[in-house]
Protein chains: 2
Amino acid sequence: MQPSFVASACDASCPFPLNNLPYGVFSQKDTSRSVCVAIGDRPLVTAKTAGTIFSEATLNAFLALGKPAWLEVRVALQDALSAAPKRQNMQAELMPLQSDVTMHLPAKIGDYTDFYSSLNHARNVGTMFRGPENALPPNWLHMPIGYHGRASSVVVSGTPVTRPCGQLRPNPEAPPVFAPCRLLDFELEMATLIGGPENELGKRIPMNEAGDRIFGFSLMNDWSARDIQKWEYVPLGPFGAKSFATTISPWIIPLEALEPFKQEPQAQDPEVLPYLRGESSMRGHCTYNIDLTVKLQSVAGELPSTVCRSNFKNLYWTVAQQITHHAVTGCNMQPGDLIASGTISGEDASAFGSMLELSWKGTKEIALENCDSPTTRKFLQDGDTVVMEGHAVGNGFTIGFGDCSGNILPASKE
Amino acid sequence: MQPSFVASACDASCPFPLNNLPYGVFSQKDTSRSVCVAIGDRPLVTAKTAGTIFSEATLNAFLALGKPAWLEVRVALQDALSAAPKRQNMQAELMPLQSDVTMHLPAKIGDYTDFYSSLNHARNVGTMFRGPENALPPNWLHMPIGYHGRASSVVVSGTPVTRPCGQLRPNPEAPPVFAPCRLLDFELEMATLIGGPENELGKRIPMNEAGDRIFGFSLMNDWSARDIQKWEYVPLGPFGAKSFATTISPWIIPLEALEPFKQEPQAQDPEVLPYLRGESSMRGHCTYNIDLTVKLQSVAGELPSTVCRSNFKNLYWTVAQQITHHAVTGCNMQPGDLIASGTISGEDASAFGSMLELSWKGTKEIALENCDSPTTRKFLQDGDTVVMEGHAVGNGFTIGFGDCSGNILPASKE
């Protein structure tokens, strides 16, 4: 625990101590959006140390500066926010409380890509739909499979999510129908915000440079309409079943804050092609020991029930491999791009990162705790709130992610 | 033919007469990018009639204004550019020649979506890979299938295209290899630039409002690495096989200019679900009689050879249906989004819109005319230039699209 003059930042359970310092974008009643950093229960509003990036309405300009600038600002902020306030304009009483500000999307997302990098998740889904012998697609162990997602529908935590309508085919012998989604689901994911100078179109990003493109992580809920997805996704992949909303937590945790929680990457067998090989000393070619939970609240006012306890360690493909593979054909990655991990499922059934897996395709009821009357779920119902949380617990300190939450509204009539 | 004081605009074969007036973004040696309109052999530089949109570096602000503003500016421009110059600052000699300017991407693309809306193309591809009985996926006749593409790699005509490298599996019994793409292809498409006020996330766009979101059309070459695509695309769709480059022509043809070439939409059997039904009086719920050609030039200096003659009429799903389906789950469509038609193939083999189809999966050689020595192609080779053209020929006038071209550079070593 590094001490800070912001008292609330010095508690071992505080998600935002001096060694976290995540970035976000906030506004207050009378002010326009601007970049901020969380310290304790307050967002840091002004920081002359940090140059003009705090006056921007998104993180994009700062993202473009690249890793040397990120590190320089981080060191300056840690110095300025340490035990004694060193600057006139940096006093706790001048910083608004997080409870008094509105958080927004931290960046203007350029392109959003969703990977499929958890072996447990891919195997679960494959087993359900194709049987255990054909669970993994033949390419799965050779490359981090991903698809382009929809950037415009990425929203910040707290944004309500309207149950989507679309084409379903509940009876495979009958024509499809237009109806509200019946199998609405969450997917527990981690998102990486991309920064650094853009690689030129036509040029690759080698493994030893991929890590420099990682600014930081946020939680992500990749809401999914399973019945719409099932009918639409062959042969071109998920489309409308995903593009009605994708929620991220408002704080981007700098990769530096997660350094103490690094883990060796999972063993990869068969050996990957040389362009995907790396050393665990390379930035981002690792996993992280970050506890991830999903809570479901069925009725406002009742306590939420934990339905999933997973961990970021459960990723087979590293973020560096995702970036290198993404650019292997020459795709230019720009500051503000967002790449997500895919659903992060553990081996144990309690660590499955979606209702599809938890209810095993709707064959099992998930009992919610903490409800006044017995309540179960197979998929999400109107009124449900899904809250994702992430915590990396160190020796006397916690790196928290801030909530990633969304409440389900009934399908729209228009 | 409506007369203009710009003499070159008055020729029946001029692609940019007064009733076209397509929008683009250009720069000259000493000037920054700004919006322009093509008239004859010149881009229109200043137009006080048109307000401040001509001082913007992209079309996005104009796109956001919506159809009433688009029509107002169009009428004012047609008036100002008619037979006699009516304004001091609008004289032909004050307008630079198109040959003297550099064209850029007309808009900052938000999200890019690629549909798959030509029945002939879908049937050809399906027949090749799954046989004639299973040619069409079961959902194809029920919805305009599409996938999210990569926005960052959309480039303007003339940008060289580097042959991508990636994972291929030439021998399905052996592991994949990393190599330059061997089956590089073009896809002849039409792109729609989306404008108008954004629909709120969670709200649909009914068929009778979809047309108001269409600003105009450009040609598109959706470059494709067939061997990379084959190995990567199951189950999540095309990814790196497409995201190395997507070329569009620099001019956006306003929908109004294409009004004389409207055609009834193709008959759709089975009948589509009510949310996709429309009247042919609805804007954008139609096809257009636009001749589309693809030319291939194997050596600089030689005449290009026409390898495909197709027509925009060959689309089964209308642009209005694409937009309505895109938003059916509540996806917000923003000004600057780009949606493409998918490969536009006619019934006849000479009208197939990709080398994959023309060479029938590499089983036939395509002979190029106009070459000094006999030259054939199955797929694209380094040094090849692909030029797409579009023309709608009316009574004494032509609505042209401007070229959509790209030259293939050898694979990069890095």
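Tutor: Let's go through the interface, the salt bridges and the annotated sites in turn. Keep in mind that this is a predicted model.

Student: Okay, where do I start with the interface? How many residues of chain A are in contact with chain B?

Tutor: On chain A, 62 residues are in contact with 62 residues of chain B.

Student: What about polar contacts: how many residue pairs does the rule find across the interface?

Tutor: It finds 30 residue pairs in polar contact between chain A and chain B. On the chain A side, several elements each supply at least two of the touching residues, among them strand E5 (112-115), strand E6 (146-148), helix H5 (226-232) and helix H6 (319-326). By class, that side of chain A has 30 nonpolar, 22 polar and ten charged residues.

Student: Next up, salt bridges. What's the idea?

Tutor: Side chains of opposite charge can pair when their charged atoms come close. Over all chains the count comes to 28 salt bridges, and between chain A and chain B it is four.

Student: Can you show me one of those? Which residue of chain B pairs with Arg150(A)?

Tutor: That would be Asp337(B), with the closest N and O atoms 2.6 Å apart. Asp337(B) lies in the loop between helix H6 (319-326) and strand E21 (338-340) of chain B, and Arg150(A) lies in the loop between E6 and strand E7 (154-156) of chain A, so the pair joins two chains.

Student: Are those two buried or exposed?

Tutor: Both Asp337(B) and Arg150(A) are buried.

Student: And what does Asp337(A) pair with?

Tutor: Asp337(A) forms a salt bridge with Arg150(B), and the closest N and O atoms are 2.5 Å apart. Asp337(A) sits in the loop between H6 and strand E21 (338-340) of chain A, while Arg150(B) sits in the loop between strand E6 (146-148) and strand E7 (154-156) of chain B, so this pair joins two chains. Asp337(A) is buried because its relative accessible area is 0%, and Arg150(B) counts as buried at 2%.

Student: What else does the side chain of Asp337(A) reach?

Tutor: The side chain of Asp337(A) reaches the backbone nitrogen of Gln334(A) at 2.7 Å. Leaving out residues up to four places away in sequence, Asp337(A) also touches several others, including Gly110(A), Asp111(A) and Thr192(A).

Student: Now the annotations. Which residue does UniProt list for "active site"?

Tutor: The unreviewed UniProt entry lists His121(A) under "active site". His121(A) is in helix H3 (residues 119-130) of chain A.

Student: Why is His121(A) called buried?

Tutor: Because its relative accessible area is 4%, and buried means under 20%. Beyond its sequence neighbours up to four places away, His121(A) touches Tyr116(A), Glu187(A), Thr343(A), Ser345(A), Ser354(A) and Glu357(A).

Student: And which residues does the "binding site" annotation cover?

Tutor: In the unreviewed UniProt entry, "binding site" covers Asp114(A), Glu187(A), Glu189(A) and Asp222(A). They are spread over 109 residues of sequence but cluster in space, with a largest C-alpha distance of 11.2 Å.

Student: Where are Glu189(A) and Asp222(A)?

Tutor: Glu189(A) is in strand E12 (residues 188-194) of chain A, and Asp222(A) is in the loop between strand E13 (214-221) and strand E14 (224-225). Glu189(A) is buried at 0% relative accessible area, and Asp222(A) counts as buried at 0%. Among the residues that Asp222(A) touches are Asp114(A), Glu187(A) and Glu189(A).

Student: Which residues are linked with Asp222(A) in a network of salt bridges?

Tutor: Asp185(A), Glu187(A), Arg226(A) and Lys242(A) are linked with Asp222(A) in that network.

How values were computed. Residues numbered from 1 in each chain as written. Chains lettered and ligands numbered in written order. Predicted model: local features only at pLDDT ≥ 70, side-chain atom pairs only at ≥ 80, totals over all residues. Heavy atoms only, no water. Contact = heavy atoms within 4.5 Å. Salt bridge = Lys/Arg side-chain N within 4 Å of Asp/Glu carboxyl O. Polar contact = N/O pair within 3.5 Å; in protein donor to acceptor, adjacent residues only side chain to side chain. Helix = DSSP H or I, 4+ residues; strand = E, 2+ residues; numbered from the N terminus. Nonpolar A, V, L, I, M, F, W, Y, C, P; charged D, E, K, R; others polar. UniProt positions renumbered as here; feature names shortened; annotations may be inferred. Buried < 20%, exposed > 50% of the residue type's maximum accessible area, 1.4 Å probe, protein only.
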